[in-house]
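Welcome! Please take a look at the sequence and the 3D picture below, and then we will walk through them together, one topic at a time.

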Amino acid sequence: MVNQYEVHAVSPDGQEAGILAFAQQKRMAFKEQVTLYTDDTKQTPLLGFKARQVIDLGATYDVTDANGQPIGLFRKNFAASLLRSSWVVEQPGYGEITGQERNQWVAILRRFVDYLSWLPYHFDFTIQGRPAFSVVRKWGLRDTYQVSIHDQYLDRRLVVAMAVALDALQSR
């Protein structure tokens, strides 16, 4: 039982432009850890994230590059997430990036009505009040996400890690 992720680039005209990363996540892991590879052979690591502690409530996840060097972290803002999921992303030398589900009604429905957990969601991340990036879960048979990066100085690897984490960790 695993979740599988493929990260694809998109060309300027909106067409798929090839795979950027591949990951598999074991469900029910004791301590959450996900490694993203350059492709599905899983021979060359690209980046990864790992929980600092076992207990998941408000856990902090360190994001590292292929050599294990830190590139940032993210954590769930547990108190703010009771009605609408909220996350904090940190990139060294950069301000705190906060993200929250855009639609509070969809967030509440997904939380309290089990059979509606499939509803799509939209996360907006901001830094100092300006857009940083967004993650949109699209309608469809397979989970598909559109990630838009609005801040040119964000480390793309950190954004990819957060996007994968939203799917991997959101229902916990």
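Let us begin with Tyr 121, which counts as buried because its relative accessibility is 4% (buried means under 20% relative accessible area, exposed over 50%, partly exposed in between, with a 1.4 Å probe and protein chains only). The model is predicted, so local features need pLDDT of at least 70 and side-chain atom pairs count only at pLDDT 80 or more, while totals for chains, interfaces and linings use all residues. Residues are numbered from 1 along each chain as its sequence is written, and side-chain values use heavy atoms, with hydrogens and water left out.

**Overall picture**

- Along the sequence, the pattern reads β-β-β-β-β-β-β-β-α-β-β-β-α.
- Of the 172 residues in the protein, 39% are buried.
- The protein has an accessible surface of about 10100 Å², and carbon and sulfur atoms account for 53% of that surface; such areas come from the Shrake-Rupley method with a 1.4 Å probe, and for residues only the protein chains shown count as cover.

- Strand 8 (residues 96-101) runs antiparallel to strand 9 and is joined to it by 5 bridges; two strands pair if DSSP finds at least two bridges between them.
- Thr 98 stands opposite Thr 126 of strand 9.
- Strand 10 (residues 130-138) also pairs with strand 9 in the antiparallel sense, over 6 bridges, and Phe 133 in strand 10 is the bridge partner of Phe 125.
- The hairpin of strand 9 and strand 10 has 2 residues between the strands, and Gln 128 takes a positive phi near 50° there.

**Aromatic rings**

- There are 8 aromatic pairs, where rings of Phe, Tyr and Trp (its six-membered ring) pair if their centres lie within 6.5 Å, and planes under 30 degrees apart count as stacked, over 60 as edge-to-face and the rest as tilted.
- Phe 74 and Trp 87 form an edge-to-face pair, because their ring centres are 6.0 Å apart and their planes stand at 65°.
- Phe 74 belongs to strand 6 and Trp 87 to strand 7, so this pair ties together parts that are 13 residues apart in sequence.
- Phe 74 and Trp 87 are both buried.
- What kind of pair do the rings of Tyr 121 and Tyr 145 make? The pair is tilted, because the centres are 6.1 Å apart and the planes are at 45°.
- Tyr 121 lies in the loop between helix 1 (104-112) and strand 9, while Tyr 145 lies in strand 11 (residues 144-149), 24 residues apart.
- Tyr 145 counts as partly exposed, because its relative accessibility is 23%.
- Ring pairs link Tyr 121, Phe 123, Phe 125, Phe 133 and Tyr 145 into a cluster.

**A closer look at Thr 60**

- Thr 60 sits in strand 5 (residues 60-65) and is buried, with a relative accessible area of 12%.
- Leaving aside residues up to four places away in sequence, Thr 60 touches several residues, including Leu 73, Phe 74 and Arg 75; contact means heavy atoms within 4.5 Å.

Notes: Helices (H or I, at least four residues) and strands (E, at least two) are DSSP runs, numbered from the N terminus.
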